[in-house]
Amino acid sequence: MKFVPWLLAVVLMSCGAGRDHDWIIDPVNPSDIPEVPSEDIHPQFRIYIEDFMLDASLRGVELDLLPRLRVVQWSDDLNVESNLPGHTTVGVCNTFTWADDIVFLQIGILDMYKERLNSFQLRALMYHELGHCLLLKNHTEFDPHTIMSPALNTSRYYQRCWDKLVDNFFLGTEFTEQD
């Protein structure tokens, strides 16, 4: 059974469920609408966003919400509780809405993990958060064969299975480690 070794290999980190932020507009002072922030994407994350865009394009997936992604930064506090007991929330997608429209999106990654995550895990975490923000994907249950699992896997796993994970992520193809 493949599940038990995977469970032991899971890094004890998770993604926060993210938050929707609704602006309450004062009808007397409609100028109180907050401004959409200028683009503020940390250079370390830009390559993962570009890879995500390419992978989506190669699979025919449109990213209509991409222009609304305004902020992707390291953060010292994500202000969310992990939805998994005993885990730390490492990343979060925040959605800011007004009148049921998404105004802008923001991704935060906990900066205490700058040195703890290798490039394979950081790429998986960024795809996961971009999946929340740009594709409106929810978490899967503890299925090690999905990028939307709420827990990170090992870098060795991501190295070995990345292409199949990305196909599953964008196309919904079935995937098991035996494939």
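Predicted model: local features only at pLDDT ≥ 70, side-chain atom pairs only at ≥ 80, totals over all residues.
**Notebook: a loop leucine, a helix and some rings**

I started with Leu 136, which sits in the loop between helix H3 (119-135) and helix H4 (155-171).

**Entry 1: Leu 136**

I looked up the backbone angle of Leu 136 and found a positive phi of about 55°, although this residue is not a glycine. Next I asked myself: is Leu 136 buried or exposed? Leu 136 counts as exposed, because its relative accessibility is 53% and the cut-off for exposed is over 50%.

**Entry 2: helix H2**

I moved on to H2, which has 16 residues. From its first C-alpha to its last I got 23 Å, close to the 22 Å expected at 1.5 Å a residue.

Which residues of H2 are buried? My list reads Phe 45, Tyr 48, Ile 49, Phe 52, Asp 55 and Ala 56. Looking down the axis of H2, I saw that these buried residues fall within an arc of 125°, so they line one face of the helix. On the face turned away from that buried side I noted the exposed residues Pro 43, Ser 57 and Leu 58.

Then I checked what covers the buried residues of H2. The cover includes strand S3 (40-41), strand S4 (69-75) and strand S6 (101-110), along with H3 and H4. After H2 comes Gly 60, and its phi is positive too, near 75°.

**Entry 3: rings**

I went looking for aromatic pairs and the count came to 10. I picked out Phe 52 with Phe 169, an edge-to-face pair with 5.9 Å centre to centre and 70° between the planes. Where in the chain are Phe 52 and Phe 169? Phe 52 is in helix H2 (residues 43-58) and Phe 169 is in helix H4, 117 residues apart, so I wrote down that the pair links distant parts of the chain. Both Phe 52 and Phe 169 are buried.

I followed the ring pairs onward and ended up with a cluster: Phe 52, Tyr 127, Tyr 157, Tyr 158, Trp 162, Phe 169 and Phe 170.

**Entry 4: charges over rings**

Phe 169 turned up again here: the charged end of Lys 137 sits over its ring, 4.9 Å from the centre. I also found Arg 116 lying over the face of Tyr 113, at 4.9 Å from the ring centre.

Conventions
Residues numbered from 1 in each chain as written. Heavy atoms only, no water. Helix = DSSP H or I, 4+ residues; strand = E, 2+ residues; numbered from the N terminus. Buried < 20%, exposed > 50% of the residue type's maximum accessible area, 1.4 Å probe, protein only. Phe/Tyr/Trp six-rings, centres within 6.5 Å; stacked < 30°, edge-to-face > 60°. Lys NZ or Arg CZ within 6 Å of the ring centre and 35° of its normal. Expected span 1.5 Å × (residues − 1). Arc of directions from axis to C-beta. Contact = heavy atoms within 4.5 Å.
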